[in-house]
Amino acid sequence: MRRFPGIFLFLLTLTVLGAGLLSSIAAQKTDAAGSPYDYAAARTNWAFQTPKNPAVPKVKNKNWPQSPIDNFILAKLEEKKLNPAGDTSKQTLIRRVTFDLVGLPPTPEEIENFLADKSTNALAKVVDRLLASSHYGERWGRHWLDVAHYADTSGCNSDYPIPAAHKYRDYVIASFNRDKPYDEFVREQIAGDLLPAATDEKHFEQIIATGYLAISRRFSSGKDEFHLTIEDTIDTVGKGILGLSVSCARCHDHKFDPIPTKDYYALYGIFESTRYAFPGAEVFWHPKDFVPLVKGAPAEELVKYQTALAALDDQIFEWNNKLRPLEAVDKDGKKNEEHAKLSAAVAEATEKMKKLEANPVAVPVAYAVGETKSADAKIQKKGDPKNLGEIVPRGFLQVLGGQTLPTQEKGSGRLELAQWLTDPKNPLTARVMVNRIWQHHFGRGLVATPNDFGKRGTAPTHPELLDFLATKFVESGWSVKAMHKLMVLSRAYQMSSEDNLKNAARDVNNDWLWHFNPRRLDAEEIRDAMLVVSGTLDETPAGPHPFPPEKEWRYTQHTPFLAVYPTHKRSVYLMQQRIKKHPFLETFDGADTNGTVGERPVSTTALQALFMMNDPFAHEQAEKFAARLAGILPTKSAQIEGAYRLAFGRTPTPDEIRSAEIFVQQCEEQLAAAKNVTAEQRPRAALASYCRVLLSSSEFMFVD
């Protein structure tokens, strides 16, 4: 009998859920105007209201704030009866801000200079220096490449390489270094080829920018199957720029956010009217529709070359399909004339292909998009491109205005889309970006779901602060660097990460930011820091990857393209594949290149420890680190102190020096029994072993 209440509760729950489901279905019914949503009610949600510049709140502790940001933070803390942590040390602060802005550890000299600078603007001078560094764009460009899900390969089952993709990567890095206004940055990536340009150089740069769209993942082996690629584009634009899961409306009206299927196909029509570069695939080997970065006759020659190879691909594919069911000889042993004729045709076309491949057109190209025949799209019922419904005019989300393209518009509509996305009245674009910047400085966004500002996302902990930052962002001319300075010069950013039991009992997740959140370095920071302390980092920018020549590309789903290209350049320049991650990035939670990434997962695994102990890269960096120390410092204690200064940015304590000396001495004694290590090699080998311990330590892997 005691089980009956449980059963009753279960049945009651089912009844309530059923009623809720029926209510939801009723709410989804389309009204006479064709809308399944109450848009007026939906627009009352914070995310769909244009940010208003709020008044800076007054606080009781008037001595604590150093910037308006601090007033917003402290006001919440006082409301929640939480006390802010004390200021962190200058030594911790310079390591924190240097990793945040350039993704590299500060040098011992930079630390010493900062510690010696007693001026009130000492940190501001460091921030200005870091923002002026070319390494800044490499660091913050990588954050955007996560959002764009950048890769150097296509993502189809054979994962064809895209040698020209790196130009988009380099465009992103350069844009951050120049502090290109974010609204301009977005417009160029959506419609750069359609924007006016004063020079050819600027025009080509804007073409390269549309790699943001072109880099959308390929899914099929055919060259004209782009519906899933367009879906990926809409997902990337929706989540990356608007912070909305627009692609959820592909098969049905969005279950949670006011985005009907019609809105999805209003956007779909824009991208269906866009020509995507084709990188090649299993059956159709040759790239097509890459955009020449020249004008005149050379550009025409490239188009002619690409078209000729693509036509041969088509013809060979068609003939091979006809050949497949045919036998070379019939039942009587007679030659099958149709088989022979088709075989000869394939051989002739293949020979033509080889001749063309042997003389490629040497013209610089961009993996970019362009215009093609424009048309409104039909709804694909249940997301099936073969089951079509009504035509939807090209346009934008109804909850954000619902504008459609002018009837006289003959282009794709990308230009209008770019302008709509970057209109200062758009309530999402500025909010989403400042939230990303905040996330990378404070460890978590004010909206903890950076790619989802909808109902299934997390509401902002500090909505007034988010609006304050969004309005300041627009007022600054959409300057990302201005946002950095505003955030990192706040007292909130300069707080210690020290714990407080009373505060933790009230706010265990630190939602109200009463202390700073320590974080593990991301994959690129770990690898780059290893290269820095070992003295092997090649600081020069990278160019194209050493892919095999295009004429050799015959990759299939059974033998896909796979490669790892060793380099000592920064990790942002590593070749990124879609079907297989770079081993280091995979081990340390690098971004997934198959979808837009708002926040990387952070794992702690045995594989990470084993990598640092056993991988040849880790051994190489430890050995170079030891050689660097031994080359400039004469004694063990001096070498140990130098190792701490390089790896941790601080001087070791006397106890740490003693324990390190004991470790190195024991290593030398154990190495004495090794036949492959000479007496002269033992000190260096023992020091390298200790260096590997430092590189594997939490203090090296984390920033406080």
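Buried means under 20% relative accessible area, exposed means over 50%, and partly exposed lies in between (1.4 Å probe, protein chains only). The model is predicted: local features need pLDDT of at least 70, side-chain atom pairs count only at pLDDT 80 or more, and totals for chains, interfaces and linings use all residues. Residues are numbered from 1 along each chain as its sequence is written, and side-chain values use heavy atoms, with hydrogens and water left out.

View 1. A salt bridge is a side-chain nitrogen of Lys or Arg within 4 Å of a carboxyl oxygen of Asp or Glu. D235 counts as buried because its relative accessibility is 10%. K239 is partly exposed, at 23%.

**View 2. Helix α7 packs with helix α12.** Helices are DSSP runs (H or I, at least four residues), numbered from the N terminus. Helix α7 covers residues 134–148 and helix α12 covers residues 227–242. Their axes are 9 Å apart, at an angle of about 140°. That makes α7 oblique to α12. Axes are lines fitted to C-alpha atoms over the stretch in contact, and angles run from 0 to 180 degrees between N-to-C directions. Under 35 degrees counts as roughly parallel, over 145 as roughly antiparallel, 65 to 115 as roughly perpendicular, and the rest as oblique. W144, V147 and A148 in α7 meet T236, G240 and I241 in α12. Contact means heavy atoms within 4.5 Å.

**View 3. R650 forms a salt bridge with E699.** The N to O distance is 2.6 Å. R650 sits in the loop between α25 (636–648) and α26 (654–671), whereas E699 belongs to helix α28 (residues 698–701). The pair links distant parts of the chain, 49 residues apart. E699 is partly exposed, with a relative accessible area of 34%. R650 also meets E656 in a salt bridge, at 2.8 Å.

**View 4. The largest nonpolar core has 182 residues.** Such a core is a set of buried Ala, Val, Leu, Ile, Met, Phe, Trp, Tyr and Cys residues joined through side-chain atoms within 4.5 Å. W144, I190, L397 and W438 touch the most other members. Beyond its neighbours within four places in sequence, L397 contacts residues including L242, I259 and W420. Apart from this core lies another, of seven residues, among them Y555 and F561.

Methods: Helix = DSSP H or I, 4+ residues; strand = E, 2+ residues; numbered from the N terminus.
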